[in-house]
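Here's a quick briefing on ring contacts, for anyone who likes to check geometry by eye. Have a look at the model first.

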Amino acid sequence: MIKKRGSGILLHITSLPSKYGIGDMGPEAFRFVDFLSQTKQAYWQVLPLTPTNPISDNSPYNSSSAFAGNPLFVSPELMREEGLLGEKDLAGLPDFPRDRVDYDRVIAEREKLLQIAYERFNKKRNDYQDAYGRFCSENADWLDDFARFRAFKIHFDRKAWNEWPVEIRDRNQPAMDSLAKKLQDKIEYEKFLQYLFYHQWAKLKEYANKKGIRIIGDMPYYVSYDSSDVWTNPEVFKLDEDKRPTFIAGVPPDYFSETGQLWGNPVYRWDLMKKRRYAWWIKRLKHNLELFDTVRIDHFRGFVGYWEVPAEEKTAINGKWVHAPAEDFFNTVRENFPDLPILAEDLGVITEDVKEIIQKFGFAGMKILLFAFDESLPENPYAPHNHIRNCLVYTGTHDNNTSRGWFNEEATPETKERFFRYIGRDMHERDVNWEFVRMALRSVADMVILPVQDVIGLGSEAKMNRPGTGEGNWRWRLQTGQIREGMIRYLRELTLIYGRTNSGEE
């Protein structure tokens, strides 16, 4: 359960200001922590920090690893401070857009800098040997396989791992060792990138924690098929003898889609996981609970029951619900982590068995204010008067419009009328975001997370993700100067008034 009333801001690392084309873990991240501290916030929520891929529109929810960090978040400025880059290396960079991420250009330029840093690292390896060696040793249970996966994938023309030579696909140890020997430098490079990521993240998290800011991370329920996780642990997924999925994940047809949604992720073999006492999940949770202070699990309902579809299907219509051993799983998890700081993403159609598990284990579910003002308003669970203490309230998430965008583009005249009657007055759209912020902060809910777009008052141009679209997402960026002094004072004032004050440095 959430132990203390507080509030925070949702802003992904990619969205931080930076002259290098994408947000990173450098000076602007530390300045954002200072902003959180100034406004007495208690939380900073980020999206998954795992590697992304242009093939999947650089979505943080579709990654080649559930354990690795995204090298794009490594700060060039911090590398310069440590002597891995020089002033000349950072001169003459492209004039990147300030308001969005141009991933193609960013990836190309960042790769050049990381290669230079790796060459310097090799020349000065003795200076790093203790820290680097310790990192590789402490993370060997995932790092070795991930580094091989990345090097092998590049070697095999970036084909999916099930298209690699059979002996490598099936992890024949002598064959893997022989190939790894040939690709030793590329494997070391991948380990170096992970060392940089975790080295910089540890410094940022420590800085935030010292100021009383707790980091909320996001963990997808499923993993991607073309990932180190599935290649390394094929037996815990439903795959055929050629290592191809026999069933894939999705959601059934509903009000929003006549054919449902076909996500394509491989589904878990919960029967085998149960026999192994959920070792893979325990390892994954342990990793995330070390990375973050609190973990929000996306698609939480999958732990209770999930929709699986035969892999040959083109839509999600012909799927079926499959039971998962939620109670036994979370009892086992609690044995390993008695104080389990988990937030449950329980949006959409949630059945009674899912609600029972959330309540039984004391997890906090989610309430979205943008969903509150339909015709069911009096009984709507997202309406503030129906909130409970042990829940997490958002004005909207990364998958929603901004408050202002919702008001201008999505709310019908009838919805606006209900909204006006609820708050007791008519209002201009320029004030809508602050009305939603106030509504969230004064809720009885113990935790409130505000997208930074709603603090600034941006419209739909600042959406982070448009679900159902395959391109153009995850690009929005905060620009230097958009958070003005008046906003800082007002957010601090509201945080104080509604009793959500961060007590300061720990």
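**Rings and charges**

The charged end of lysine 238 sits over the ring of phenylalanine 247, 5.5 Å from its centre; "over a ring" means that NZ of Lys or CZ of Arg is within 6 Å of the ring centre and within 35 degrees of the ring normal. Keep in mind that this is a predicted model, where local features need pLDDT of at least 70, side-chain atom pairs count only at pLDDT 80 or more, and totals for chains, interfaces and linings use all residues. Residues are numbered from 1 along each chain as its sequence is written, and side-chain values use heavy atoms, with hydrogens and water left out.

**Another charge over a ring**
- Lysine 360 lies over the face of phenylalanine 361, 6.0 Å from the ring centre.

**Aromatic pairs**
- Rings of Phe, Tyr and Trp (its six-membered ring) pair if their centres lie within 6.5 Å, with planes under 30 degrees apart called stacked, over 60 edge-to-face and the rest tilted.
- That rule gives 67 aromatic pairs.
- Phenylalanine 303 and phenylalanine 329 are stacked, because their ring centres are 5.1 Å apart and their planes are at 10 degrees.

**Burial of that pair**
- Phenylalanine 303 is buried (under 20% relative accessible area; exposed is over 50%, partly exposed in between, with a 1.4 Å probe and protein chains only), at 2%.
- Phenylalanine 329 is buried too, at 1% relative accessibility.

**An edge-to-face pair**
- Phenylalanine 373 and tyrosine 422 pair edge-to-face, 5.5 Å centre to centre with 75 degrees between the planes.
- Phenylalanine 373 is buried at 2% relative accessible area, while tyrosine 422 is partly exposed at 28%.
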